[in-house]
Every structure is written in structure tokens, then in C-alpha cells.
Amino acid sequence: MAIMEGWLYLIESNKLMMTHPRKRYFVLSGNQARYYKEKPAYRQEAPLKSGSFDPYTRVVDHGRESIHGRTLFVFEIYDSYTHGDKLKFGARSSEEAAKWMEAFKEAAEQDILPGNDGLFVPSGGRRKYPFRLSGRRSGGLVKDLSGGSGTITNPLFREGSTTELPGWVGSLLSRDSSARDASPDVVADSPWQIFGCVNGLRLFRETTDHHGFKSMIRGEDPPALMGVGVVFATCESVFQTVMTLGSSRSEWDFCYAKGRVIEHIDGHSDIVHKQFHTHWLPWRMKPRDLVVHRYWRREDDGSYVILYKSVKHEKCRPRRKFVRAWLKSGGYVISPLPPQGGFQHRCAVKHILTVDWKHFKTPWSSSKDRVITLKVLERVAALREFYKVKPADYMPTSISPDLRRLDVAGCKPPLLQKENIPEVHLCGAEVARSPEDNIAGQSMFRQLAEEEFFDVPEDSAWDTELEPDLDGRRESTDPDETSDEDQNGGVHKLSAAATIVKRFQGMAAQKRTHQDDDEDGIELLAREGTLPKSSGCCTTSCYESAEASIFLIRGKHYLQDRKKVVAKDPVMQFVAADWLKSNKREDHLASRPSNPVQQFLANQRKIEGRVQDPFFFIINIQVPGSTTYSLALYYMITQPLSDFLILENFVRGDDRHRNASFKLIPHIAKGPWIVKQSVGKTACLIGEALEITYHTDKNYIELDVDIGSSSVAKGVVNLVLGYLSNLVIELAFLIQANTEEELPEYLLGTCRLVNLDIAKAIPARPE
């Protein structure tokens, strides 16, 4: 059993609500945790606190915070039954915080080992500990570490003590390799096209429908520009260097004069003011400044995403000596690369910008903006040269102007003092990684370099091998679909052109498996939904089913070859959608008499000879704010749930199993790069990051997804809302398959949302 130990800051508040970070030494083994004031000299030393984790423990990332001069990366641990009592921790680096968060999550998934200690996290409510055959990151029966004796020695217990367990262990395995894999799960062309190379940087432009002067007259944004380079340093070091606003930034950023944080929003976003020098600008051009909303996050593969967008702020109005430029979108993507040529630490740095430098409006304004923007992108080359004279793990000494003022006063900030805090380390039986896991853990910018940066598309991704249906045969549920088999049983391979034509023909087609007598009921459902279905007369703020073939899911032999295959038509039919607004959260929509589901069931009960009512799968995505928006998607299946094992287990299972298996694949089919970068194209387990409330009934299951439960997700959604009317969003929902019996995966349903308009949201009807 692996043991993780190291120093963390326990962040507590006193009676006067003053926050104090206290340094504590933590030891985590299995689901047992304890911490000490100092590093224990022997095993029997009494801890300050000890306890165990259970499956209802949740871990939430709060990003970067400054506490008494210390810049810490903060996360919280709490019980899902009660959010009142929380334990707040801080780590000195984002990498260290990520390791601890992952360790605490895995501790919560371990078996409930009996012991004298209580729970480590204050809890409330009734506890119910289910043991399942499959779980969050992998599944099936776990190898019995006791050799069949049913006993496992716990190194955290006293010498020779044992814990009785059944002959199999129902715990969850470590994170599945695909969970760390940042490679896209969507088949889509690259939005970038290379057009030059300067100072060792490759330069790309966004592939958009911009048509030069005509588009400028119509007020359309010019395409974004991107510079890509390789820096010989760790991702964390480059991230800290790019984020700093102190004096060390002037060592590589030739544009930067000075800057400050105007407002701290949360651990992942703030408002920043930057002023630029004039020596790099064209002659007689006034100095520029920017006020931007800065947002950052760390991905599971160790890469960092930093996004900027200009905003107006009352605390920083335009100044007389500066011209306020407008950053329409910009940022950095810093992703790890494997060692090469004797360099142990390497990372790819992508710098993207779309800026209006506020010239006098002339036909040549866009050309001037382009020249200045390309000059700014050369900061990546300056960053590369900067690390040639700095250590690969260099950290800037001036994290912020506030810390710099402390140093000038003759008192070094606590964070900069040399502390006896060793790095987090693992000891004991560490999990061995296979070559496949190492490949899966690589950055998507390394794995898919050919797909990310290309000019001519290669072989069509739709030629990927298709897996057979659940019964071993490939069947078409569309009676009008043309078969690809000839009379001799041979299968014709479609050409690329035929594949594209077939794809566009199926864009608006809805695959139906229900009987003809259900047509009236389906039309009733579509009419009852507040969001209209896409049609010839309705092309904006509407919905339709997305094409399944653009999504990649686990194939039949995924556990052996780790390969994903092109998805086939979903097993459930997309029948209706609601686009609602309210001054509060709208939960359990399906229980209301006015809901499309209740209307449909009431109509079906009037039909004589009905054998069985259909089953509905409802996803209610709740976006909090001064006005709460709810996007409810309704999927229906007429076949018995027993025909789909993984779906039946999900509906009949407990919340822990549901959170560990409900998966979403997002894709921004049309929209600006900043939204595409924020949302991504990689599948994610929603229940691991967001709070989901499940409501079940005989004929439906409803998932109420609270976007506000995660600061990271809330930041992404708030960014998306600003561009919502210009986006085409494609979503696919499925249940993750972890065992041979559950594979291959299949889509529950897909959705394509076209140019949603916030103004067209309908007030929710009272309960």
C-alpha cells in the first residue's frame, strides 16, 4: 500500500475570522490520514489529528491565493452531505497541490478499513458504503493483495496488525490511463494554418471566414495569430514566470513596463492592468496599456492554460499618457514534452493573440495591428533565450508587487524564506506504469503535433475501424439508409467524397428505433420543449442531434490496445430541450406536471394497447448567476433497460457509481479559438468535478448538474456565455465502460446547439 507524506499548510480561521496558515506534516496511507506538527521520528508518535476518508469525501480546487504574504495553491476537502465544516489546505506549488488532491481523491475511493479513528473530515447525515464492481478510473475485481488469505497488512497500523477483508477487494484502481490522456475524443480539423517562421518560432493564423477589408467593414474580428516555440524548462516554472508581474518579468518580456492586480476574483481568475514600453512600437505611436480578465487552470497531463480578455474596470480608467488597447482574446498554452538530446525538462509554449491596438481607422489598420501583434508573439523566443541562462526549474523571486514591497522594507516575505519543507514524495508500493500509460500521459500537443499544426489534411479519420454492435452485428436503424454491403456479402469502402456527402446528408437526420405509433407523442414532446428544433425556418437558437461519427469512444478491446473507435448512432433518441431562466436553481424538472415528460406519459396512457412506457434520460445543466439558466436535454428509449447492461447499472446504482461513470465529450464546432481552447475536445467525468443531484422514478432519471459547484467550470461557462450566440456546440453523453463485460462503449445521446440566445430563454414555470 502506497504511502504519501510531506508538508502542507493547514489554513484555519480564528474567532475573529482571521486566517492563519499553519505548517503541518501529513502522512496518507490508503484511506487513513494523520498530520503532525513536526516530521515524526518514529511510527508510534501521536499525531495532532488522525482519521479516515470515505466515498462521500469531496476535493475542490480553489487555485492560487495570497495569505499573509504567502502565495499558496489552495484546495478544500469536505463531506458531500454537509458543506458547513471544511478542511482547507495550501501547497507551495501547483504541482504539489495537484499531487495531494489526487492522493486525497484516491484515499476516498479506498475500501472502508475498520479502525479506532473516526472520519478525517467532519461529516453529517447517514453513511452508506456501497461496494461496486466498477468505479471511477477503472473497474472490475481488484487483485487480492493478500494472496487469497483475505488479510492485508496496513503499514500505518502497529506492527503485525491485520485487517480482515473479503477474498476480493472492491476498491477503485488508480486513475485510468485515458483519464490522464489529453488527446481529443472528437474528430475535427485543426483550426490553425502555418504561414511563417521567425526567430525559431512557427507562426500560425486561425482558419476563419474572415475576408479582409469586407469583414472589417462588417465589424468582424480578424483571425487570431499564434506563435509556437520550445522552452527548455518545466511547465510549472514557465507558468510562474508568465504569471508574475514583478521585476523578473522585464528580463524576458521586452514589451512590459509594469503591471498590477486590480481585483482578485477567485483562485483561478483576477483583473490585471499592464502598461507597455514604447521602444518596440512604431515611431510616434503612443504607449499602450491593457486591463484584462486573466484566467488559468492546470490540466491533468501537467499542462497549463492561461487566457486573457479585455474588460472595463472602474478602478482603472484610461489614462492620459496611454492609449487603452483592446485584447479581444489571448493567452498561453504550456504543455510538457519528453526529454530529448540531454534536456530533461522541455515544454511547448503557444502564445495566441487577437488585439485591436486602437489606430486611426483606415483600410490599413488591420495590417498595422497584424505587424504589432507578430512583434508581441516574439516574446516566446525571448522566453526561450531567458531559460538558456536560468535553471529549468527556476521560480521568479518577485511573485507580485505586494511581495516586492515587503522585500524593499527589509523584511523578506515568508514564502521567500528558506523553509525546511521537503518535496512531496511517495514511498511503499508505488503503482507501476506501463509504456501505454506513459504514452497516454503525454500532452496532446506532443501526441497530436501532426493534427494540431497542418496545412493539408491527411487520411480521413472516418476510416477508423468500426466496432460491431452489442450483439456482434452492425445494423442500421434507419429504414431509408442505403446498405454498404453488396449481394455477395462484401463491404464497399466509401471514398472520402462519399463519406463527406453521407455525413452532410445525416446531419439533420434523427435515428429512430420506436414504432410508428409513437410519432404523435414525439411531436408532442418537441412542441412542449421551450427550445425549438432546427428546421428550415429555424436556424438560430435551436437544437438538433449531432452526428455521432465525430466522437471517439472506447472499443471492444480497449483494455488491451487502448484504442478508441468512431462512435455509432446513440441508443437513445433526442426528443426535446428546454432553455429556461429563473432567479433560483430549478431542480427536478421532470416531476412537474407541465414538463414535457409528464405531458408525454399522460398522453401515452390514453392510448389503448400500450405494452410498456418509454424511459427518459434527462440532463439539466444549471448555470448560476444573478439569473440562473437551465438547459434541459431530454432523451428517450423504448427498449427495456435490461438490453443495455451499463445503462441499467447506472440507473439502478448509487450516486458514487454514477459520479464515477457519467461522461461528457464536448466540442465547439464553430466559435473563436479562446472558447475552443477553454472547452477542449477531451472526455471528462462530470461527477468528479461538479455536484450532480440525481432524481429517479419509474420512467425517468434526471441529472441536475450544478456548474457553480466548481470555480474552474464556472469560469469556463462564464466565458462561453459571452460568445454563446456565435457558437455551435456539440455534446455527446455516455457511461464509461471499465470492464470487458461493459465494453464497447456506446453513446446515450448527442446534442448540437446552434447559436443559443440568452434573451430567448423562457421563464421557468412554478413547481
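The following conversation goes through the reasons behind several labels used for this predicted model.

Reader: What should I know about the numbering and the model before we start?
Author: Residues are numbered from 1 along each chain as its sequence is written, and side-chain values use heavy atoms, with hydrogens and water left out. The model is predicted, so that local features need pLDDT of at least 70 and side-chain atom pairs count only at pLDDT 80 or more, while totals for chains, interfaces and linings use all residues.

Reader: How many helices and strands are there in the chain?
Author: The chain has 19 helices and 33 strands, where helices (H or I, at least four residues) and strands (E, at least two) are DSSP runs, numbered from the N terminus.

Reader: Why is Thr207 called partly exposed?
Author: Buried means under 20% relative accessible area, exposed means over 50%, and partly exposed is in between, with a 1.4 Å probe and protein chains only. Thr207 has 41% relative accessibility, and therefore counts as partly exposed. The residue lies in the loop between strand 11 (201–206) and helix 3 (213–217).

Reader: What does Thr207 touch, not counting residues up to four places away in sequence?
Author: With contact meaning heavy atoms within 4.5 Å, Thr207 touches Ser190, Pro191, Trp192 and Gln193. For Thr207 and Trp192, the C-alpha atoms are 5.6 Å apart in space, although the two residues are 15 apart in sequence.

Reader: Is Gln32 buried or exposed?
Author: Gln32, which is found in strand 3 (residues 32–36), has a relative accessible area of 6% and is therefore buried.

Reader: What makes the pair Gln32 and Asn31 a polar contact?
Author: A polar contact is a pair of N or O atoms within 3.5 Å; within protein, one must be able to donate a hydrogen and the other to accept it, and residues adjacent in sequence count only if both atoms are side-chain atoms. The contact between Gln32 and Asn31 joins their side chains at 3.1 Å.

Reader: Which label, buried or exposed, goes to Cys347, and which to Cys197?
Author: Cys347 has 0% relative accessibility, so this residue counts as buried, whereas Cys197, at 56%, counts as exposed.

Reader: Why is helix 4 described as largely enclosed by the rest of the structure?
Author: In helix 4 (residues 235–243), 9 of the 9 residues are buried, so the helix is largely enclosed. Among these buried residues are Cys235, Phe239 and Met243.

Reader: What about strand 18, and which strands pair with it?
Author: Strand 18 (residues 326–337) has 10 of its 12 residues buried, so this strand too is largely enclosed by the rest of the structure. Two strands pair if DSSP finds at least two bridges between them. Strand 16 (residues 304–310) pairs with strand 18 in the antiparallel sense over 5 bridges, with Val333 in strand 18 as the bridge partner of Val305. Strand 18 and strand 19 (residues 346–356) also run antiparallel, joined by 11 bridges, and here Trp326 stands opposite Asp356 in strand 19.

Reader: What makes strand 27 mostly covered?
Author: Of the 9 residues of strand 27 (residues 662–670), 7 are buried. Strand 27 pairs with strand 31 (residues 728–735) in the antiparallel sense over 8 bridges, and is joined by 2 bridges to strand 28 (residues 684–685), again antiparallel. Leu664 has Phe733 as its bridge partner in strand 31, and stands opposite Cys684 in strand 28.

Reader: Why do strand 29 and strand 33 stand at the edges?
Author: An open sheet is formed by 6 strands in the order 29-30-25-26-24-33, with mixed pairing. Strand 29 (691–696) and strand 33 (762–763) each have a single partner strand, so one side of each is left without a neighbour in the sheet.

Reader: How many bridges join strand 24 to strand 33?
Author: There are 2 bridges between strand 24 (residues 573–582) and strand 33, which run parallel, and Lys581 stands opposite Pro763 in strand 33.
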